[in-house]
Amino acid sequence: MQAIFNQTIVMFILIVTGIICFKTGIITKEGNRELSNLVLSVVNPLVIFMAYYQQEYDSQLVENLLISFGLSILSFAVLIAGAYILIPAKSVNSEIERFSSIYSNCAFMGIPLIQALCGNTGVFYLTAYLTVFNFLIWTHGIILLSGERNFKNVLKVLYSPVILSIVAGILIFFLQIKLPLIVSEAVGFIADLNTPLAMIVSGVTMADTNIIKLIKNKRIYYTALLKLILFPALLVIISALIPNIDSTVRTTILIAASAPAAAMCTLQCIRLGKDSLYASEIFAFTTVCSILSLPFVVQFDKIIQNFI
């Protein structure tokens, strides 16, 4: 618990750095959008690629990766069902609340946190969650926010940088291809940018939030409760009932699902003309609260494991 708490504090300091950069004009909204694209399109994919590249082939790793896929699909099934049951469609901005409670910041927050706690093996298993996440967020997620069934988004998923990096990584892993040392070092340097850049981008995104309005909105507290406490606790109990799951796999999927609301919700709300301010408020509030919720979710998982 201490390790994950320390890591979230480090990430919080980086987030505060992002807030300061925005308030002092060092990073603008447009600049932050470009940094966000850099992280999503270049840095995150290379982190995933290196997670595959740095692993020696092992049949146990392959088996655990398949289990990670199964557990990821199960997790999203639980999250989607829970969101539709506990967030009525008739409530204002219900689609934003549902989206935020289902989809987490599993790339921005998940990768650096899991890398710190579980190393590259954890990031290796995380690729399963990211694959399912990207497929669903560009299909179900867009349909949820827009109300329109546009299956062209499925094609976008197939050639997104994250999916391409996963495909390349899988080939590298199974064929055990080794890159020239100078190339792998360069790629590694770029991948190392992930944690500071991702957290600074998150901080800049949060900096424009109206704190007074946020703390008066009871719906944000309810959405945060579902996203950070209730749904993760439910996933802990369900996963504990499944026998023979590797502890690193369990921790990786749990952290990915328990991370704060996805920043993607804000970006998509801007694109679709939805209430992007409300989406950013949920993102900001759950990000701050996750500093406390994530360590306790992991600790709760350990307690349940010992109990069962």
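Tutor: Let's start at Thr 223, which is buried because its relative accessible area is 1%. Here buried means under 20% relative accessible area, exposed means over 50%, and partly exposed is in between, with a 1.4 Å probe and protein chains only. Please keep in mind that this is a predicted model, in which local features need pLDDT of at least 70 and side-chain atom pairs count only at pLDDT 80 or more, while totals for chains, interfaces and linings use all residues. Residues are numbered from 1 along each chain as its sequence is written, and side-chain values use heavy atoms, with hydrogens and water left out.

Thr 223 belongs to helix 12, residues 218–240. (Helices are DSSP runs of H or I with at least four residues, strands are runs of E with at least two, and both are numbered from the N terminus.) Leaving aside residues up to four places away in sequence, Thr 223 touches Glu 97, Ser 100, Tyr 278 and Ile 282, where contact means heavy atoms within 4.5 Å.

Ile 96, Glu 97 and Ser 100 of helix 4 are in contact with Tyr 278, Ala 279 and Ile 282 of helix 15. The axes of helix 4 (residues 94–102) and helix 15 (residues 276–307) come within 10 Å and cross at roughly 30 degrees. That makes the two helices, helix 4 and helix 15, roughly parallel. Such axes are lines fitted to C-alpha atoms, for helices over the stretch in contact, with angles from 0 to 180 degrees between N-to-C directions. Under 35 degrees counts as roughly parallel, over 145 as roughly antiparallel, 65 to 115 as roughly perpendicular, and the rest as oblique.

Now look at helix 4 as a whole. Nine of the nine residues of helix 4 are buried, so the helix is largely enclosed by the rest of the structure. Among these buried residues are Glu 95, Arg 98 and Phe 99. The buried residues of helix 4 pack against helix 3, helix 5, helix 6 (140–146), helix 12, helix 14 (264–272) and helix 15.

The structure holds 13 aromatic pairs. In one of them, Tyr 52 and Phe 124 have ring centres 4.9 Å apart and planes at 70 degrees, so this pair is edge-to-face. Rings of Phe, Tyr and Trp (its six-membered ring) pair if their centres lie within 6.5 Å; planes under 30 degrees apart count as stacked, over 60 as edge-to-face and the rest as tilted. Tyr 52 is in helix 2 (residues 29–53) and Phe 124 in helix 5 (residues 110–137), 72 residues apart. Tyr 52 is buried at 1% relative accessibility, and Phe 124 is buried at 0%.

Phe 76 and Phe 133 make a tilted pair, 6.5 Å centre to centre with 40 degrees between the planes. Phe 76 lies in helix 3 (residues 59–86) and Phe 133 in helix 5, so the pair ties together parts 57 residues apart in sequence. Phe 76 is buried at 1% relative accessibility, as is Phe 133 at 8%. Finally, ring pairs link Tyr 52 and Phe 124 into a cluster that also includes Tyr 57, Tyr 125, Phe 173 and Phe 174.
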